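Me: I'm new to this structure. Could you take me through the spot where the ligand sits, and what lies around it?

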Amino acid sequence: MSFDTTTLNQQMTHFDGHDSLWLFGYGSLIWKADFAYLERRPAHILGWARRFWQASHDHRGTPESPGRVATLIRAPGAACHGMAYRITPQTLKPLDVREKNGYLRVVTPLYFDDGARHEGLVYIAREDNAAFAGPEPEAALARRIASAHGPSGPNRDYLLNLASALRELGHDDPHIFALEERLLTGE
Ligand code: SIN
């Protein structure tokens, strides 16, 4: 099942009239920046943790065999590290389409390594969206990611690219690295 969030996101007016805004990426937006941006900088947001708990019927799986992609769940006290992009509000239009399978724009403070803080946007697939899969035992999750394949390619590439990108940024994410380990060892 999926639910197209494009229209809901395009009704959001929060950054209308701004020359640019910061978008925080924590999943494929870290390693697949196929959109126009003015600059990009590593950043983090607070109170959220990354989880492979969102089903993908349109990118990394199919309706018959959905894959799993990243979303964020509330985690008081946690920091989620990723990449921030300064974009123009016009760039949100194609991004809303890319993130249409359940993700909603959320306004949140972004924290940069130099101590700067800016209000920005992050796309989050909340627990109440139709494609939210929720927790699964790690081994089953890794097996599903190993086998799923969609129009954007194998589900395993999403996970492996994300793990490499986080390693490059110098950030440990136990959930992602444990799934990567299982995928690479076939366990
Ligand atoms: C993100 O990367 O910030 C959102 C989820 C995704 O597109 O993979």
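Reply: Here is a walk through the ligand site. This is a predicted model, where local features need pLDDT of at least 70 and side-chain atom pairs count only at pLDDT 80 or more, while totals for chains, interfaces and linings use all residues. Residues are numbered from 1 along each chain as its sequence is written, and side-chain values use heavy atoms, with hydrogens and water left out.

Around the ligand you'll find Phe 24, Gly 25, Tyr 26, Gly 27, Ser 28, Leu 29, Ala 70, Glu 99, Tyr 103 and Tyr 158 (each has a heavy atom within 4 Å of it). By class, that shell has 6 nonpolar, 3 polar and 1 charged residues (Ala, Val, Leu, Ile, Met, Phe, Trp, Tyr, Cys and Pro count as nonpolar, Asp, Glu, Lys and Arg as charged, the others, Gly among them, as polar). Strand S1 (21–25) and helix H2 (28–31) each supply at least two of the shell residues (DSSP runs, at least four residues for helices of type H or I and at least two for strands of type E, numbered from the N terminus).

Now for the polar contacts (N or O pairs within 3.5 Å). A ligand oxygen lies 2.4 Å from a side-chain N or O atom of Tyr 158, and a ligand oxygen is 2.8 Å from one in the side chain of Glu 99. At Gly 27, a polar backbone atom is 2.7 Å from an oxygen of the ligand. Taken alone, the ligand exposes 250 Å², and the protein buries 97% of that (Shrake-Rupley method, 1.4 Å probe).

Conventions:
Polar contact = N/O pair within 3.5 Å; in protein donor to acceptor, adjacent residues only side chain to side chain.
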